[in-house]
Amino acid sequence: MGRWGDGEMGRWGDGEIFIKDLLDYFDLSRRGINWPGLMGFGGLVTTTVGIFALVQRRVHPKWRRRDYILVLLLTLSMPISILFKSPFFKIPYTMPAIALLVGNFYGSTMGVTVVGLLTGLVTFSMEVTGEQVLANVAGGLLGALMAGRMRSREELALLGVGVGLTQGVVSLIINLIISATASTIWSAVLPGALLFGMSGLAWSIVALGLSPYLERLFDLVTPIRLAELSNPNRPLLKRLATEAPGTFQHTLFVASLAEAAAQELHCNVELVRAGTLYHDIGKMHDPLGFIENQMGGPNKHDEINDPFKSAEIIKKHVTEGLVMARKHQLPKAVRDFIPEHQGKLLISYFYFQAQQKAQLEGTGSVDESYFRYDGPIPQSQETGVVMLADACEAALRSLKEVTPETALTVVNKILKARWQDNQLVDSGLTRQDLSKIAQVFIRVWQQYNHQRIAYPKGALNCQSSPK
């Protein structure tokens with residue numbers, strides 16, 4: 001035992017190292033790969049990934065590769081923070097930030113799923129205390145459940161305060177239960193609870209600061225970002241209202257129709273609103289080429305007197321709109337409304353005009369494809385609804401002294417034409433959905449065209465006398 005004298009003990013110092021060397025001395029140490037532990041951890045990870053994949057495919061079946069990368073990076077931040085925690089910041093767990101970001105980006109279901117699965121992985125594979133786990137889970141679940149319902153950065157910031165308070169209160173309750181004396185409460189419990197609360201608030205602030213950058217970097221459309229894009233003071237929308245006022249008014253009515261229909265079908269109403277507001281921005285390339293901006297003036301296309309050139313001007317509002325949308329960095333989900341709201345529709349007015357001209361000149365048949373938009377046809381219920389609202393807007397505006405039944409007949413005829421032209425085959429809309437949409441459109445039309453009381457002629461000339 002001379003090897004383990006006082007001098008040697010002083011040199012080693014650390015008790016854990018001493019025990020390892022003592023086991024080596026008596027040939028009792030067992031170094032090597034822990035295959036049972038490794039296989040158990042592998043099974044745990046596989047199960048976790050499988051559960052996540054099942055929930056994701058059910059809730060968000062059209063995830064892109066960048067969505068998986070973002071969730072992976074966010075979830076990896078927690079075990080990394082535990083492994084490399086600083087002695088100056090003893091509670092580095094990023095659960096509040098993960099919960100707020102995933103819940104805000106992908107909804108409450110995905111947020112709660114990530115919090116639950118990540119908690120299980122960390123608890124069984126890393127050294128964490130019950131207090132740490134429970135406090136972080138409580139704050140994380142609150143953040144995940146509520147983040148998807150937030151519609152402004154201010155609301156998200158207030159939620160961060162709630163997350164911090166939740167973590168602090170849970171930590172305080174746990175320590176009060178296990179504390180032995182009252183003095184322990186003041187010396188350790190309250191400072192620890194305060195630290196947990198400040199940690200939750202700090203990570204919520206980090207999440208709030210990162211959110212706009214992650215939305216742009218990963219091209220995400222959160223309810224908050226869509227609400228910001230729908231602000232009429234956005235540069236593109238202000239330009240549209242100024243340069244093409246008729247198109248802007250058309251857009252507002254289409255948005256009213258489309259939002260009501262989207263709500264009836266349980267679609268993404270925020271996405272429909274934003275997509276509709278930007279769907280015709282390309283008309284700013286030549287506002288007078290579209291009748292709603294001519295304000296009773298001469299029709300530009302009568303002066304052109306060439307259906308092929310007129311069709312080119314009309315089609316160009318899609319390509320120019322996409323250029324403008326990319327320049328202003330609109331998310332792809334919003335940009336999709338620009339081409340898909342027209343699909344591969346036929347520009348029938350100029351097509352028939354070209355046919356008549358060809359017959360008179362004896363130049364043969366006219367290629368129909370030249371007078372069709374380039375597409376694609378609607379790829380989602382949201383863009384399909386906007387296509388139908390856009391098609392019905394002009395017809396509904398023109399209906400004044402007619403019954404709701406007559407208006408419904410007109411709308412159904414338009415919707416049927418889109419269906420028979422195979423414009424909706426990829427949208428996910430059904431014939432039953434079209435019936436619901438038609439009813440909603442008529443309801444909105446009635447709200448816009450409600451009758452007013454007819455004032456007597458004398459009443460219009462009356463002025464109230466000062467009292």
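Asn422 sits in the loop between helix H20 (404-420) and helix H21 (431-448), where helices are DSSP runs of H or I with at least four residues, and strands runs of E with at least two, numbered from the N terminus. Although Asn422 is not a glycine, its phi is positive, at about 60°, and with 47% relative accessibility the residue counts as partly exposed; here buried means under 20% relative accessible area, exposed over 50%, and partly exposed in between (1.4 Å probe, protein chains only).

The model is a predicted one, in which local features need pLDDT of at least 70 and side-chain atom pairs count only at pLDDT 80 or more, while totals for chains, interfaces and linings use all residues. Residues are numbered from 1 along each chain as its sequence is written, and side-chain values use heavy atoms, with hydrogens and water left out.

Another local feature is the cis peptide bond from Gly375 to Pro376, with omega near 5°; Pro376 belongs to the loop between helix H18 (348-361) and helix H19 (381-398). Most residues other than glycine have a negative phi, and most peptide bonds are trans.

Turning to the whole protein chain, there are 22 helices and zero strands, and 43% of the 467 residues are buried. Of the contacts (heavy atoms within 4.5 Å) with a separation of 6 or more, 75% are between residues 24 or more positions apart.

The structure holds one cavity of 30 Å³ or more, a cavity being a set of points on a 1 Å grid over the protein atoms alone where a 1.4 Å probe fits but cannot get out, with lining residues having an atom within 4 Å of a point. Ten residues line the largest cavity, and Met78, Val122, Gln132, Val133 and Asn136 are the closest to its centre. Helix H7 gives the most to this lining, with four residues.

Confidence is expressed as pLDDT, from 0 to 100 for each residue, and averages 85 over the protein chain. Over residues 462-467 the pLDDT is below 50, and this stretch has zero contacts in the model beyond near neighbours in sequence. Where pLDDT is low, the predicted coordinates should not be read in detail.

Terms used. pLDDT is the predictor's confidence in each residue, from 0 to 100. On a 1 Å grid over the protein atoms alone, a cavity is a set of points where a 1.4 Å probe fits but cannot get out, and a pocket is an open set with protein on both sides within 12 Å along at least five of seven lines; lining residues have an atom within 4 Å of a point. Grid points are joined across faces, edges and corners, and a volume is the space filled by probe spheres set on the points.
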